[in-house]
Amino acid sequence: ALEFAGLTALVTGGASGIGLATARLLAVRGARVACLDLKPEDVPEPLIGIRADVADDASVRAAVEEAARVLGGIDILINNAGIGAQGTIEDNTDDEWHRVFDVNVLGMVRVTRAALPHLHRSGSAAVVNTCSIAATAGLPDRVLYSATKGAVLALTRAAAADLVHSGIRVNPGTADTPWIGRLLDRAADPAAERAALNARQPMGRLVSAEEVATAIAYLASPLSGSTTGADLPVDGGMQGL
Ligand code: NAD
């Protein structure tokens with residue numbers, strides 16, 4: 001069974017969507033969990049909310065040290081904070097490219113770097129980096145976002161090779177989280193737009209944040225002890241069908 005009793009976990013972007021669903025699941029299964037987020041006030045108890053901007057190295061280092069102190073160590077790191085970006089190669093400015101890479105790619109590097117001394121002290125360390133089907137699917141109007149997630153995939157595999165005992169990753173698909181909710185809110189007819197979105201999925205419905213969280217929790221758990229550098233799509237069949 002998925003069991004995290006006695007383990008501690010740090011989840012970035014843990015105030016919403018996939019990060020919050022993962023943090024909740026890990027806590028229900030026995031882990032002590034701290035969530036690093038721009039909005040720690042949105043993190044519900046018993047999860048511990050800590051303010052951090054993953055685009056700011058000093059903020060990350062301070063928050064990771066606080067988490068390690070409050071939790072008594074870090075066994076599991078879920079690098080999940082990320083932002084979206086729309087546009088073709090003609091649309092996005094250099095500033096936008098720098099900003100989204102800073103959050104989605106360097107954010108994971110900064111948090112992992114700060115957490116590694118603690119992970120090395122754990123007997124069962126695991127790192128899961130939230131990726132996206134955008135890394136490989138060639139989605140239209142998503143060139144910058146896709147490039148960041150391609151970089152996440154590559155850095156995760158290379159880090160897994162360097163840290164063969166602890167570099168584990170997951171690759172979720174289109175999950176039904178607040179991102180999708182916000183897109184739907186802007187539609188003229190949100191119910192019709194949701195139905196159309198569901199119809200475009202191979203399984204006829206969007207993947208839920210809870211389903212992605214289950215896969216992340218598996219990769220973070222001792223159950224997947226021989227799996228590292230793996231790519232686990234939770235995408236309702238979007239890539240394979
Ligand atoms: P979300 O917007 O619901 O949650 C993201 C969280 O990250 C928010 O709480 C936000 O405050 C936090 N965050 C954003 N920038 C931050 C920063 N600089 N520092 C610290 N925290 C920050 O998003 P979500 O849909 O749950 O996405 C989570 C991850 O899943 C992202 O990496 C995203 O790329 C990936 N993903 C999402 C989907 C999807 O369809 N929702 C699909 C594939 C991959």
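This is a predicted model: local features need pLDDT of at least 70, side-chain atom pairs count only at pLDDT 80 or more; totals for chains, interfaces and linings use all residues.
The chain has 8 helices and 9 strands, and its radius of gyration of 17 Å agrees with what a compact globule of 241 residues would have, near 18 Å.

**Overall build**

- Of the 241 residues in the chain, 46% are buried.
- Take the contacts between residues at least 6 apart in sequence: 72% of them join residues at least 24 apart.

**Helix 1 against helix 8**

- Helix 1 covers residues 17–28 and helix 8 covers residues 209–220; their axes come within 8 Å and cross at roughly 55°.
- That angle makes helix 1 oblique to helix 8.
- As for handedness, helix 1 passes helix 8 in a right-handed crossing.
- On the helix 1 side, the residues that meet helix 8 are Gly17, Ile18, Ala21, Thr22, Leu25 and Leu26.
- Helix 8 brings Ala209, Glu210, Val212, Ala213, Thr214, Ile216 and Ala217 to the contact with helix 1.
- Sorted by class, the residues of this contact come out as 9 nonpolar, 3 polar and 1 charged.

**Helix 2 against helix 3**

- Helix 2 (residues 57–71) packs with helix 3 (residues 94–121) at an angle of about 35°, and their axes are 9 Å apart.
- The crossing of helix 2 and helix 3 is right-handed.
- From helix 2, the contact draws on Asp57, Val60, Arg61, Val64 and Ala68.
- From helix 3, the contact uses Arg110, Val111, Ala114, Ala115 and His118.

**Thr228, a loop residue**

- Thr228 sits in the loop between helix 8 and strand 9 (233–234).
- Thr228 has 21 C-beta neighbours inside 10 Å, so it counts as buried; the cut-off for that is 20 or more.
- Thr228 and Ala154 are 74 residues apart in sequence, and their C-alpha atoms are 13 Å apart in space.

Key:
Residues are numbered from 1 along each chain as its sequence is written. Helices (H or I, at least four residues) and strands (E, at least two) are DSSP runs, numbered from the N terminus. The radius of gyration is taken over C-alpha atoms; the globule rule is 2.2 Å times the number of residues to the power 0.38. A residue is buried if 20 or more other C-beta atoms lie within 10 Å of its own, exposed if 12 or fewer, and partly exposed in between; C-beta atoms are placed from the backbone. Two residues are in contact if their C-beta atoms, placed from the backbone, lie within 7 Å. Axes are lines fitted to C-alpha atoms, for helices over the stretch in contact, and angles run from 0 to 180 degrees between N-to-C directions. Angles under 35 degrees count as roughly parallel, over 145 as roughly antiparallel, 65 to 115 as roughly perpendicular and the rest as oblique. A crossing is left-handed if the near helix is turned anticlockwise from the far one by less than a right angle, and right-handed if clockwise. Ala, Val, Leu, Ile, Met, Phe, Trp, Tyr, Cys and Pro count as nonpolar, Asp, Glu, Lys and Arg as charged, and the others, Gly among them, as polar.
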